[in-house]
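Visitor: I have a structure open and would like to go through it piece by piece. Can we start with helix packing?

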Amino acid sequence: MSNTRSGSSIGAKTTQTPDNRRRLRSGWEFAKFFYLTFVAPWPPIAFLLLATAVAGAASPIVIVFVTRRLIDDVTAAGGAAPSSIIDALAPHAPWLALLVLVRLVDHYSQMGPFHYYLGYLLNDRSRRKFDPMFFRRALTMRLEWFEYPEYHDALERGREPLEDEYFTWTLRNSIQFFAKAFSILGMMVAVSGLHWTSPMLLAVGGSVIVWSHWVRARRIVNVHWTQTPDQRRQEYMSRLLTERRPAPEVRLFGLGRHIVGHWRRLMDRVLAERMVVRRQNVRTGIPSILITTATLGAVLLTLVLQGANGALTAGALVAYVYVTLEFVSRLNDVGWRIQVLHEWLVGLTYLQSYLSIDKGEGTGGAQAAHGSPEVMLEGVSFAYPGSKEPVLSEIDLSIGGGERVALVGENGAGKTTLAKVLLGLYQPTGGVVKVNGVDLEDMDKGSWRRLSGAVFQDHVRYSFTVRENIALGSPEGRDDGRLARAAKMNGVDEFACELPDGFDTPLGKEFEDGHELSGGQWQSLAIARLYFRDARLLVIDEPTASLDALAELEVYRQLLGVAGGRTVLLVSHRLGSARLADRVIYLKGGRIIEQGTHDELVAAGGEYAEMFEAQAEWYR
Amino acid sequence: MTATLREIWARWKYLPRLVVLAVRLGPIEMSIIAVTSVAGGLIPVAAVAVLRILVDTTVDVIEGDGELSTALFWLAALLGTFVLERVYEEFQDLRRDLQDRLTARAREMLIAKAGRVPLAMFEQPEFYDRLHRANESLQGRVQNSMTLISSIPASIVRIVGLLAFVATAHPVFPLILAVSLVPLYIVETRVGARIFGATRQHTPDDRRRAYLEDLMTNREAAAEVRLFGQGEYLLERRERITQRLRGVRMKIAKDHFTERGKANFGEHLAVGVVFAGIAALIVQGRLTVGYFAAFIAAVERLQAELSLVLANTVEMDVSLRYVIDLLDYLDMEVEDSQCREEGQAGSALEPAVVRFEGVTFAYPGSTTPVLRGVDLELRAGERVALVGRNGAGKSTMAKLLLGLYRPTSGRITVDGVDMNDIEPSEWRRRVAAVFQDYMRFEITARENVGYGALDKLHDIPAIEAASVKAGAAGFVQTLPDGYETVLGRSFDKDGQDASAGQWQRLASARAYMRDASVLVLDEPTAALDARAEVEVYRRFRDMSQGKAVLLISHRLGSARLADRIVFLDDGRITEHGTHADLMERGGEYARLYSIQADWYR
């Protein structure tokens with residue numbers, strides 16, 4: 001019953017990979033998104049900007065009118081040429097002043113310096129809203145997603161808008177786009193005075209340009225979309241050379257050039273694909289230029305013919321010529337902005353689709369009870385996404401409250417995976433994990449997590465201070481007394497006190513004043529982190545792999561002490577330590593093949609006994 | 001004043017180097033750009049001149065003393081210049097391809113450099129700051145300056161042409177227009193310098209923020225972050241840094257806005273003055289109406305071009321500051337001349353004795369030595385176990401032996417020759433190691449092993465043999481595509497996960513790929529199961545002659561297999577001898593050994 005439930009849910013998930021390929025299908029979607037990101041955070045300012053853009057549309061009409069009057073007046077004044085400039089200008093001063101003023105308004109409504117500033121302000125607002133949303137989402141994403149390359153692609157794409165000035169640029173482009181678009185409309189109204197066909201001709205030419213830029217923008221966006229995996233690989237290669245951890249091996253084995261070569265091949269592919277799109281875009285661009293020029297030519301021809309018919313004054317001629325040429329230059333600008341804006345806005349939709357990948361870790365209503373939990377695995381199977389081979393097959397295991405269980409077995413037997421399923425980090429693909437009789441999937445993850453704690457084999461080395469490294473075991477509860485005790489329990493205090501700033505010494509050489517610890521010291525620190533957490537279920541995965549004999553002894557001695565009454569799952573290859581457990585589970589190929597106390601298993605002479613012998617050999 | 005000029009010169013003198021770099025990376029493209037930019041620059045000037053004639057001939061037609069056909073001819077000519085200009089712009093888009101390639105090559109140089117600097121660099125935050133800055137500069141600024149290098153010539157041609165045209169009306173007009181841009185230049189340069197200063201100061205904060213973001217989004221920390229509920233804590237730390245950076249940047253933006261507003265005003269005023277002047281000249285009958293139309297267009301263009309060139313010059317000036325960061329980084333000293341092929345195992349060097357002579361080592365930036373006056377001799381064919389408490393300096397000593405670090409004092413000699421006098425790549429070809437922090441390369445299993453000796457990357461039998469030695473062959477056989485299976489699932493949907501123990505076996509196989517004279521095994525069994533551990537130690541015991549093997553281990557039972565045991569305590573060798581010797585002595589080693597042996601009694 002429960003098998004089918006969990007089985008189908010992971011099945012549904014595997015078919016539904018986190019593909020974030022989405023386009024702005026309609027103008028409506030475009031508008032909605034624009035509203036959400038730019039208007040919603042700050043409506044009054046957004047509307048003010050829009051209003052200035054709309055008002056800017058009137059300026060071409062005024063410019064045409066003023067230019068026409070000015071020229072007509074100036075040419076009419078002919079004949080007696082005044083010798084002084086003042087005399088010459090005085091009668092025309094009002095029109096001139098108006099012309100300059102209108103130009104100024106026109107300019108500022110399109111891209112005044114305050115647009116820059118507002119761009120920053122809005123960027124700030126949007127970032128404050130989107131950054132935490134993005135990272136909270138990343139932090140609650142189910143751990144299984146990390147097994148999908150598509151997830152990493154989606155993450156990479158969704159992250160793009162979090163670049164520093166992303167929203168600023170998008171906003172600036174939007175403002176310019178709207179302002180120019182409105183002023184173009186104004187120009188079309190202005191030329192209607194020439195002939196009724198003129199605005200229509202300009203509209204046709206304009207549509208062609210807009211269409212061609214739209215087509216190109218789509219091509220660019222599509223090619224970028226497909227390049228994410230290659231770019232992530234490239235990033236991985238460059239990290240191999242620029243980060244600290246791989247550095248010794250890269251030098252020792254002389255991998256530098258080889259890795260650079262790898263990087264270059266990926267880069268060349270990316271560049272070649274982009275080049276193809278650019279060539280296509282030029283091929284789309286040229287016919288559209290010819291069409292637009294033809295419509296422009298038709299308007300200018302009307303102008304000349306109207307002049308020949310005596311229907312135009314010199315002033316009107318100059319004014320219309322100005323408007324027509326300005327129309328073309330702004331149209332071109334609008335075209336480019338459509339292209340750029342499309343790219344930016346599609347980036348935002350990537351962010352949006354990352355945010356909606358799934359609802360994240362279950363937050364079922366059931367609260368975990370306090371006290372040491374009893375954990376039951378009923379027919380639990382687990383396969384990593386995309387793999388048919390199950391890592392765990394039909395595990396039945398019950399760990400009583402306060403029981404200490406050692407999990408042993410060969411490399412790749414599924415020990416670490418079992419630990420992660422038990423902790424609720426992975427959802428079983430079959431069967432069910434029950435805590436005190438309640439299905440883990442129905443339980444509130446937060447309350448369950450507060451009860452459990454673990455030291456993983458690949459523990460994290462936080463580049464923070466020693467104190468923070470320990471306190472991160474229980475970030476919500478900072479208690480210096482408890483922290484000091486946790487540090488004392490496994491000798492962290494011994495090396496910490498020798499560091500220049502004691503517990504406040506930053507660790508990790510990448511950062512200023514950072515100190516580096518040895519592998520064993522890092523491991524001790526990870527264990528202290530667990531001690532600091534007041535968990536009732538402890539999962540300890542290879543806690544002493546890099547510890548010296550004394551530290552190892554200390555860890556086990558302390559674990560027994562700490563464990564008093566707690567439920568413990570110990571994963572270890574040091575079989576001597578398994579003796580400390582109440583029960584030993586021997587895992588092979590994802591199945592439990594032996595279990596019992598250490599003495600029972602040794603007496604039984606099975607695989608465990610054989611393994612123990614092999615190790616004990618060294619100490620006889 | 002002279003100080004400012006000197007500063008500006010200090011930046012602009014890098015320009016030729018950048019141009020040389022660009023020409024070297026794309027000689028054909030750069031020459032095409034040079035030629036077309038002159039032609040492209042002349043088109044708008046022609047357009048303005050044609051426009052004047054068109055208007056004048058049309059005015060003649062209106063006034064009834066001109067031929068319609070003449071006007072139509074000039075109309076066609078205007079459309080011609082229009083098409084030319086747009087087509088030229090279209091091809092400009094292809095120029096971005098060159099920029100992309102230039103940036104790509106520069107980035108390649110950057111990462112290649114990172115792969116060649118001495119390992120000790122990775123112990124210093126300054127290195128990461130420089131790297132970060134160089135990277136930042138590549139992301140936007142270098143690309144910018146590449147664009148500018150190729151667009152400024154066209155702008156200049158255009159400006160000179162338009163200025164000449166405007167000057168035909170009156171020579172004072174161009175002067176007015178040019179002067180009006182001075183305030184803008186000053187504002188922009190000043191703001192650019194401030195932003196650069198802030199960015200530079202923020203590098204450590206930026207890196208810290210990136211680190212926190214990685215913790216929140218990467219796979220490595222995902223399990224622990226979830227389990228311990230660290231998310232909100234990390235997010236809040238990031239938020240604090242962001243706030244701080246934001247404050248400074250917003251302040252700059254605000255100042256920029258107010259000052260720029262003023263500067264722009266002057267610019268528009270100047271245009272108004274020129275318009276008035278032209279109107280006056282027409283009234284006086286010294287200019288035709290055609291000039292007025294053409295001048296509106298020309299002044300409009302000129303204004304746009306001038307502010308573009310100005311913006312570009314400022315941008316270039318600011319960009320050059322960043323470019324200097326990049327070039328600085330690229331000038332960093334590398335480990336060796338790299339005149340030989342990398343990554344090949346084997347060399348003429350056949351070391352018989354490696355000797356540590358009073359070696360003391362402290363990490364850069366630290367005054368506490370990790371090793372203090374270590375003397376040790378390692379002979380070919382000898383197996384030495386290096387044991388000691390955590391943090392005693394074992395792994396550091398191994399890295400010194402491998403030539404990855406250089407002693408702070410004392411020396412390491414190879415057959416009597418100071419290791420400093422041996423080309424590092426030469427020495428490294430003779431050594432191999434399994435590190436405690438072995439790498440997990442998310443590539444194929446074959447490459448994971450083959451990386452041990454790149455010249456045998458496709459030599460399947462050699463790779464198989466090394467895998468068998470390391471006990472990795474069994475695991476690889478279970479993979480769907482055997483050695484061609486990609487490991488790790490970040491990049492490939494057919495990628496396969498491997499457990500820690502399996503990864504460690506692959507790391508060992510990598511070390512076995514080379515026929516090294518000196519082999520370092522740093523806790524090679526930490527993640528291995530008991531059976532695999534036995535295999536590894538057995539191999540250590542039977543290690544072929546002629547090799548010097550250094551085994552670092554906390555599994556003291558394995559130390560018995562060594563010819564000699566060296567006990568390191570707080571950077572000093574305190575005990576030295578065979579297992580039996582040391583047990584008899586009853587020192588620290590004996591104590592640790594019996595603690596461990598107790599588990600198995």
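Visitor: What is the handedness of the crossing of H4(A) and H13(A)?
Guide: The crossing of H4(A) and H13(A) is right-handed. Bear in mind that this is a predicted model.

Visitor: And at what angle do helix H4 and helix H13 of chain A pack?
Guide: About 145°, and the axes of helix H4 (residues 58–76) and helix H13 (residues 314–355) of chain A are 7 Å apart.

Visitor: Which residues in H4(A) and H13(A) meet?
Guide: From H4(A), the list includes A:Pro60, A:Val64, A:Arg68, A:Leu70, A:Ile71 and A:Asp72. In H13(A), they meet residues including A:Ala314, A:Val318, A:Ala319, A:Tyr322 and A:Val323. By class, that contact has 10 nonpolar, 3 polar and 3 charged residues.

Visitor: How does H4(A) pack with helix H9 of chain A?
Guide: H4(A) and helix H9 (residues 166–191) of chain A pack at an angle of about 40°, with 6 Å between their axes. H4(A) passes H9(A) in a right-handed crossing.

Visitor: Which residues in H4(A) and H9(A) meet there?
Guide: A:Ala58, A:Ser59, A:Pro60, A:Ile61 and A:Val64 in H4(A) meet A:Ser183, A:Gly186, A:Met187, A:Val189 and A:Ala190 in H9(A). The contact of H4(A) with H9(A) has 7 nonpolar and 3 polar residues, and no charged ones. A:Pro60 and A:Val64 are in the contact with H13(A) and also in the one with H9(A).

Visitor: Sheets next. In what order do the 4 strands of the open sheet in chain A come?
Guide: The order is S2-S1-S4-S5, and the pairing is antiparallel. Strand S2 (392–399) and strand S5 (438–439) of chain A are the edge strands, each pairing on one side only.

Visitor: How many bridges join strand S1 to strand S4 of chain A?
Guide: 5 bridges, with strand S1 (residues 375–382) and strand S4 (residues 430–435) of chain A running antiparallel. A:Val375 stands opposite A:Val435 in S4(A).

Visitor: What about strand S3 and strand S9 of chain A, parallel or antiparallel?
Guide: Strand S3 (residues 404–409) and strand S9 (residues 583–588) of chain A pair in the parallel sense, over 5 bridges. A:Val405 stands opposite A:Arg583 in S9(A).

Visitor: And what do S9(A) and S10(A) form?
Guide: A hairpin, with 2 residues between the strands. A:Gly589 lies in the turn and has a positive phi of about 55°. 5 bridges join S9(A) to strand S10 (residues 591–596) of chain A, and the two run antiparallel. A:Leu587 stands opposite A:Ile592 in S10(A).

Visitor: Over to chain B. How many helices and strands are there?
Guide: Chain B has 21 helices and 10 strands. Its radius of gyration is 35 Å, well over the 25 Å that the globule rule gives for 601 residues, so chain B is more spread out than a compact globule.

Visitor: What box do the C-alpha atoms of chain B fill?
Guide: Roughly 120 × 55 × 50 Å, taken along the principal axes. Of the 601 residues of chain B, 48% count as buried.

Visitor: Which strands of chain B form the open sheet of 6?
Guide: They are S6-S7-S8-S3-S9-S10 in that order, with mixed pairing. Strand S6 (431–434) and strand S10 (572–577) of chain B are at the edges with a single partner strand each, so one side of each has no neighbour in the sheet. On average, neighbouring strands are turned by 20° against each other, direction ignored.

Visitor: Where does helix H21 of chain B lie?
Guide: Helix H21 (residues 588–598) lies across S3, S9 and S10 of chain B, at about 100° to S9(B). Strand S3 (residues 383–388) and strand S9 (residues 564–569) of chain B pair in the parallel sense over 5 bridges. B:Ala385 stands opposite B:Ile565 in S9(B).

Visitor: Last topic. How many residues of chain A are in contact with chain B?
Guide: 143 residues of chain A are in contact with 134 residues of chain B. Helix H12 (residues 256–308) of chain A gives the most to the chain A side, with 26 residues. That side divides into 81 nonpolar, 37 polar and 25 charged residues.

Notes:
Residues are numbered from 1 along each chain as its sequence is written. Chains are lettered from A and ligands numbered from 1 in the order in which they are written. This is a predicted model: local features need pLDDT of at least 70, side-chain atom pairs count only at pLDDT 80 or more; totals for chains, interfaces and linings use all residues. The radius of gyration is taken over C-alpha atoms; the globule rule is 2.2 Å times the number of residues to the power 0.38. A residue is buried if 20 or more other C-beta atoms lie within 10 Å of its own, exposed if 12 or fewer, and partly exposed in between; C-beta atoms are placed from the backbone. Two strands pair if DSSP finds at least two bridges between them. Axes are lines fitted to C-alpha atoms, for helices over the stretch in contact, and angles run from 0 to 180 degrees between N-to-C directions. A crossing is left-handed if the near helix is turned anticlockwise from the far one by less than a right angle, and right-handed if clockwise. Two residues are in contact if their C-beta atoms, placed from the backbone, lie within 7 Å. Ala, Val, Leu, Ile, Met, Phe, Trp, Tyr, Cys and Pro count as nonpolar, Asp, Glu, Lys and Arg as charged, and the others, Gly among them, as polar.
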